[in-house]
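Subject: Structure handover

Hi,

Here is the structure I promised to pass on. Please open it first, then read my notes below.

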Amino acid sequence: MAGTGSTPVTSNNLDADVPRGCRRTQRRFLCSRYQGFVANPGGSTGSLCLGSPIGRLVGGVILNSAQRGSSA
């Protein structure tokens, strides 16, 4: 994952990219100010390392990685 944008948070300017992801998958970006740990959340094969409260990208925006495995 790579992120670029403005230093001041108030600018609300962040671009996030996962350049070598799995092909034809959907991505949702999550964020938190706190660290946490939940093993296999929702039956997944990984761990969630975010603490509550957890934020996510909203507004109906779901990024698709397409054939090349990148959403950029």
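Keep in mind that this is a predicted model.

Start with the overall layout. The protein has eight strands and zero helices. Followed along the sequence, the pattern reads β-β-β-β-β-β-β-β.

Next, the surface. The protein has 72 residues, and 10% of them are buried.

Now the contacts. Take those in the protein with a separation of 6 or more: 43% of them come from residues 24 or more positions apart.

Two spots in the backbone deserve a look. Here is the background: most peptide bonds are trans, and most residues other than glycine have a negative phi.

Ser-52 and Pro-53 are joined by a cis peptide bond. Its omega is about -5°. Where is Pro-53? Find strand S6 (47–50) and strand S7 (55–56); Pro-53 is in the loop between them.

Asn-40 is in the loop between strand S5 (35–39) and S6. Is Asn-40 buried, partly exposed or exposed? Its relative accessibility is 43%. Buried means under 20%, and exposed means over 50%. Asn-40 lies in between, so it counts as partly exposed.

To find both spots, go to the loops on either side of S6: Asn-40 is in the loop between S5 and S6, and Pro-53 is in the loop between S6 and S7.

Best wishes

Definitions and conventions. Residues numbered from 1 in each chain as written. Predicted model: local features only at pLDDT ≥ 70, side-chain atom pairs only at ≥ 80, totals over all residues. Heavy atoms only, no water. Helix = DSSP H or I, 4+ residues; strand = E, 2+ residues; numbered from the N terminus. Buried < 20%, exposed > 50% of the residue type's maximum accessible area, 1.4 Å probe, protein only. Contact = heavy atoms within 4.5 Å.
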